[in-house]
Amino acid sequence: MNRLNETFVYLGQQPLLWLFLTVAIFQLASQLQRKLNTPLANPVAIAAAAIGVILWASDTPYSQYFEGAQFVHFLLGPAVVSLAFPLARELPKVRRVWLPISVSLVVGLLVAPLSVWLLCQALTLTDPVQMSLLSKHVTSPVAMGIANQMGGIASLAAGLSVLTGIFGAIVVSPLFNRLGFVDYRARGFATGLNCHGIGTAHAFSVHPVAGSYAVIGMALSAALSSLLIPLLFLAR
Amino acid sequence: MLNAWLWLLGYQLIGTALMHFLLWPIPGPVAGMVLLTCHLMLRQASAFTEQLASSLIQYLPLLFVPAATGVVAHLDLVSGSLGAMALVIALSTLLSLWATGWVFCRLARKVAPAEAAERRG
C-alpha cells in the first residue's frame, strides 16, 4: 500500500503524467462533444475544468502541472504560424470583402471595450479589474501588454482573455444560428475579432472559411487594439 | 518532415526576434504568421510543410488546454468579483459578436454575396 502511494507521488512529480493526462482528457472531452453533438460541450472548457479539479483534488500546484503540459503549450507557437496556410489560400478572395471587413472591424473594436466600460460602471468594479477587462477580446499575450499600459493586472487580463475565448467558443455557433447569420466569412471574422485564438480554433472545427476569416479578425484585433484601447481610455 | 518543422519554427523565430527588436507588442508567432503569409502569396511551400501545418491546426484546441487550465486553477484568486467579471465578459462578448457579425453580413450582402461554399447549410 505504501509503495502504491509512493508511486503516485513519484508520478505526480514527473512531466510525463501531466503531459499524458492533458492529451488523454482532451481526447475524452472531444469524444464527449462528438457524442453530445453540441458546441456547448466545448472540449477546451471541459478538459480545463476536469484537469483543474484533478489538480485541486491531488493538491498539485499549477507550476508542477505545467512542467508536463508545457510541451503541448509550446506547440501553440508553430500552430499559430501554420495559420498562414489557410490565410494565404483565402486572401485572394478577401479583397472582395475589404469594405465589410474594415467597417465591422471598427464596429467590433469599439463595441467590445466600450461595452465593457459601460458594464463596469454599472457594476461598480474597481479600476484595476476594469482596466484588465478592457482587453478581454484580444489574444492573451497582447492583452497582458495592454493591461500593463492601462494600469490593470497583466495576469488577470490574460485569464480574462482566455475565459472570453472559452465563452465565445461555446456560445458563438448557437448565437449566429439563431440570428440567421449564414455567411461563414462574417461568422468567422466576428469570432476571431472577439474571441481570438480559442474562438479561431472553434471556427476551424466548424468550417475552413470561417477559420480563415477568424485568423484575419484575430490578427487585426491584436494589432489595432494595442493602439486603440490606450487611445480611448487613457486620456481621461 | 524536419524541413517542415524548420519552416514553422523559423518563421516563429524571425517573428519573435523582429517584434522584440522593434519593441512592438505583437506576439512573435502572430508576426511569424503574417510574414509566412506574405511568403506564401509569392511562392508555394513544400507539401510536407503544408501537411504539418494542417495537422497542427486540426489540434489547435488541444494546444490551448494548458493555458485554460491555468485560468481554472487560479480562479480562487479572483473569486471576490468573479460573478461580476463573468457577467461583463458574457454580455459584452455577446453584444460585440452580434454587432460585428451583423455589420459584416449587411455590407457583404451588398458588395460581395457569399458563394455557396462560404455559406452555412
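Colleague: Glu115(B) first. Buried, partly exposed or exposed?
Modeller: Partly exposed, because its relative accessibility is 36%. Buried means under 20% relative accessible area, exposed over 50%, and partly exposed lies in between, with a 1.4 Å probe and protein chains only.

Colleague: What am I looking at, and how is it numbered?
Modeller: This is a predicted model: local features need pLDDT of at least 70, side-chain atom pairs count only at pLDDT 80 or more, and totals for chains, interfaces and linings use all residues. Residues are numbered from 1 along each chain as its sequence is written, chains are lettered from A and ligands numbered from 1 in the order in which they are written, and side-chain values use heavy atoms, leaving out hydrogens and water.

Colleague: OK. Which salt bridge joins Glu115(B) and a lysine of chain A?
Modeller: The one with Lys93(A), at 3.9 Å from N to O. Lys93(A) is in helix 6 (residues 84-94) of chain A, and Glu115(B) is in the segment after helix 6 (82-111) of chain B, so the pair crosses between chains. A salt bridge here is a side-chain nitrogen of Lys or Arg within 4 Å of a carboxyl oxygen of Asp or Glu. Helices are DSSP runs of H or I with at least four residues, strands are E runs of at least two, and both are numbered from the N terminus.

Colleague: And Lys93(A), buried or exposed, or in between?
Modeller: Partly exposed, at 36% relative accessibility.

Colleague: Which arginine also meets Glu115(B)?
Modeller: Arg96(A), in a salt bridge of 3.7 Å, N to O. Arg96(A) sits in the loop between helix 6 and helix 7 (98-123) of chain A, so this pair joins two chains. Arg96(A) is partly exposed at 35%.

Colleague: What is the N to O distance from Arg96(A) to Glu118(B)?
Modeller: 3.6 Å for the closest atoms, and the pair is a salt bridge. This pair also runs from the loop of chain A to the segment after helix 6 of chain B. Glu118(B) is buried, with 1% relative accessibility.

Colleague: Which residues do the shared partners tie into one network?
Modeller: Lys93(A), Arg96(A), Asp183(A), Arg185(A), Glu115(B) and Glu118(B). Glu118(B) also bridges to Arg185(A), with the closest N and O atoms 3.6 Å apart.

Colleague: Where does Asp183(A) lie?
Modeller: In the loop between helix 10 (154-179) and helix 11 (184-206) of chain A. Asp183(A) is buried at 7%. Its side chain has a polar contact of 2.8 Å with that of Arg185(A). A polar contact is a pair of N or O atoms within 3.5 Å; within protein, one must be able to donate a hydrogen and the other to accept it, and residues adjacent in sequence count only if both atoms are side-chain atoms.

Colleague: What does Asp183(A) touch?
Modeller: Cys105(B), Ala108(B), Ala114(B) and Glu118(B), leaving aside residues up to four places away in sequence. Contact means heavy atoms within 4.5 Å.

Colleague: Zooming out. How many residues are in the contact between the chains?
Modeller: Chain A gives 99 residues and chain B gives 72. About 7400 Å² is buried between them, 83% of it from carbon and sulfur atoms. In chain A, Tyr62(A), Val81(A) and Phe85(A) lose the most area to chain B, together 9% of what that side buries. Buried area is the accessible area (1.4 Å probe) that two parts lose on being put together, summed over both.

Colleague: How many salt bridges cross that interface?
Modeller: Five. The count over all chains is seven. Between chain A and chain B there are 12 residue pairs in polar contact, both residues at pLDDT 80 or more. On the chain A side, helix 10 gives the largest share, 15 residues. That side divides into 73 nonpolar, 18 polar and eight charged residues. Ala, Val, Leu, Ile, Met, Phe, Trp, Tyr, Cys and Pro count as nonpolar, Asp, Glu, Lys and Arg as charged, and the others, Gly among them, as polar.

Colleague: New topic. What are the domains of chain A?
Modeller: Domain 1 (2-74) and domain 2 (81-231). The bounds come from an automatic or database domain assignment. Their centres, taken over C-alpha atoms, are 27 Å apart. Four residues of domain 1 contact six of domain 2 in chain A.

Colleague: How much area is buried between those two?
Modeller: About 490 Å², with 80% from carbon and sulfur atoms. In domain 1 of chain A, Pro39(A), Leu40(A) and Asn42(A) lose the most area to domain 2, together 69% of what that side buries. Zero salt bridges are counted between these domains of chain A.
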